[in-house]
Amino acid sequence: MNKNIIVTGGAGYIGSHTVVELLAQGYKPIIIDNFCNSEKSVLKGLEDITGKRIDLFEGDCTDKNFMTNVFAKTKPVGVIHFAAFKAVGESVEKPLAYYQNNVVSLLVLLEVMKKQNCKRLVFSSSCTVYGTPKKLPVTEQSPTQKAISPYGNTKQIAEDIIKDQVVANTGLSAVALRYFNPIGAHPSALIGELPLGIPSNLVPFVTQTAAGLRNELTIFGNDYNTPDGTNVRDYIHVVDLAKAHVKTLDYLYGKSNFYDFINIGTGTGTSVLEIVKTFEKVSNQKLNYTIGNRRAGDVDQIYASVDKSKEVLNWKTELSVEDALKDSWNWQLNLSH
Ligand code: NAD
Ligand code: WQD
């Protein structure tokens, strides 16, 4: 049976961990990546973890000829579409680059999927679509809010485009997974997050500070309306997140003209200070940190309702924030050597 799955952005942070889990479940992942935010060394990590050769097509998802050729050659039965730009701040400075990469890649992908009769799609969306939620935990019934960054807007537009393509009776079945905050690395420490430049996300900044690459972490505000005053987020281990994609592909089998969106989180909120304290515990390091001003655009707190993911995907997280921070630290140590 054909188990070929195209993984766009498969050399990236979440994509690479998903490739491991796809292989573990008998799928045959085929990576498409242009390495604009990843490195080829990821492939060696993947091959060392899985003991298998990884199929890769190097190219750009916005290039229709390239995409058509890959689909014609590999005849995939499904696609997981990770490829996108993802830095919220950068998207405010370079909106056109974000719309071009994130929206055009999806348009090209959907057109090629239709022409090549590939009918299953898992799309990387984000909890950013909920904006500042009025009620917690955030369920899939919670309203989406107008995005405050071009990045967030590309996720909302993408969800609408996919839904419209399903309404058009193309036979497509698709699920948008709305991830909360992915952290951690593979427990082997052979793959993980590779932030280019100064990380804007919390956990890479924490591990780089502990490794001596940054002087100190600034906690962006401790006067929020939360138990300890710092922001609360739902941090999910990237290996759990990767497994959710495989479950979603399984879920899409046998469905046609189907669209849904599902939260992917742990259901538990953790504050920035709790992350710092837990990191200190698991790494046995004292972290140099200071309290600074609030960062523009940060919501007080957000965490997922996980009822729907449990019910429809038969999936829930198995790993803790402690596990994730331990794995992130081991990955950082591996990178620094
Ligand atoms: P990442 O940058 O590590 O991975 C993305 C990969 O896509 C990279 O390898 C990059 O080289 C590739 N890529 C980008 N544009 C491409 C193009 N046009 N053609 C071919 N390859 C291209 O990012 P990630 O953290 O793994 O995120 C994956 C997806 O999940 C993205 O869509 C992102 O928006 C979404 N997401 C990420 C987070 C997060 O915090 N990491 C949270 C919610 C949603
Ligand atoms: C987490 C917390 C910061 C850095 C982002 C995107 C979101 C989604 C996930 C893609 C916040 C605090 C951070 C630092 C800090 N991505 N922080 N000092 O902002 O929750 O979500 O990634 O879809 O769309 O917005 O994640 O890791 O940047 O921040 O105090 O140096 O850590 O204020 O409370 P965020 P983050």
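Colleague: Which residues are the closest to ligand 2, and how many surround ligand 2?

Modeller: In this predicted model, 18 residues surround ligand 2. The closest are Tyr-151, Thr-218, Asn-231, Arg-233 and Asp-298.

Colleague: What makes the pair formed by Tyr-151 and ligand 2 a polar contact?

Modeller: The cut-off is 3.5 Å between N or O atoms. A polar side-chain atom of Tyr-151 lies 2.6 Å from an oxygen atom of ligand 2, so the pair counts as a polar contact. A backbone N or O atom of Thr-218 is 2.8 Å from a nitrogen atom of ligand 2, and a polar backbone atom of Phe-220 is 2.9 Å from an oxygen atom of ligand 2. As for cover, ligand 2 has 690 Å² of accessible area on its own, and the protein covers 87% of it.

Colleague: Which strand supplies the largest share of the shell around ligand 2?

Modeller: That is strand 8, residues 217–220, with four residues. Sorted by class, this shell has eight nonpolar, seven polar and three charged residues.

Colleague: Let's turn to the other ligand. Which residues come nearest to ligand 1?

Modeller: There are 26 residues around ligand 1, and Asp-33, Asn-37, Ser-38, Asn-101 and Tyr-151 come nearest.

Colleague: Which helices and strands each supply at least two residues of the shell around ligand 1?

Modeller: Helix 1 (13–24), strand 5 (120–126) and helix 6 (150–167) do. The largest share, three residues, comes from strand 5. By class, the shell holds twelve nonpolar, ten polar and four charged residues.

Colleague: Why is Asn-102 called buried?

Modeller: Asn-102 lies in helix 5, residues 95–115. Buried means under 20% relative accessible area, and Asn-102 has a relative accessibility of 4%, so Asn-102 counts as buried. A polar atom of the Asn-102 side chain lies 2.8 Å from the backbone nitrogen of Phe-85. Leaving aside neighbours within four places in sequence, Asn-102 is in contact with Ala-84, Phe-85, Tyr-151 and Thr-154.

Colleague: Now the whole chain. Why is the chain called as compact as a globular protein of that length?

Modeller: First, its secondary structure comes to eleven helices and 13 strands. The globule rule gives 20 Å for 337 residues, and the radius of gyration of the chain is 19 Å, close to that value, so the chain is as compact as a globular protein of that length. Its C-alpha atoms fill a box of roughly 55 × 45 × 40 Å along the principal axes.

Colleague: What percentage of the residues of the chain count as buried?

Modeller: 55% of the 337 residues do. The chain exposes about 15000 Å², with carbon and sulfur atoms supplying 50% of it.

Technical notes
Residues numbered from 1 in each chain as written. Chains lettered and ligands numbered in written order. Predicted model: local features only at pLDDT ≥ 70, side-chain atom pairs only at ≥ 80, totals over all residues. Heavy atoms only, no water. Near = heavy atom within 4 Å. Nonpolar A, V, L, I, M, F, W, Y, C, P; charged D, E, K, R; others polar. Polar contact = N/O pair within 3.5 Å; in protein donor to acceptor, adjacent residues only side chain to side chain. Areas by Shrake-Rupley, 256 points an atom, 1.4 Å probe, with all protein chains shown as cover. Rg over C-alpha atoms; globule rule 2.2 N^0.38 Å. Buried < 20%, exposed > 50% of the residue type's maximum accessible area, 1.4 Å probe, protein only. Contact = heavy atoms within 4.5 Å.
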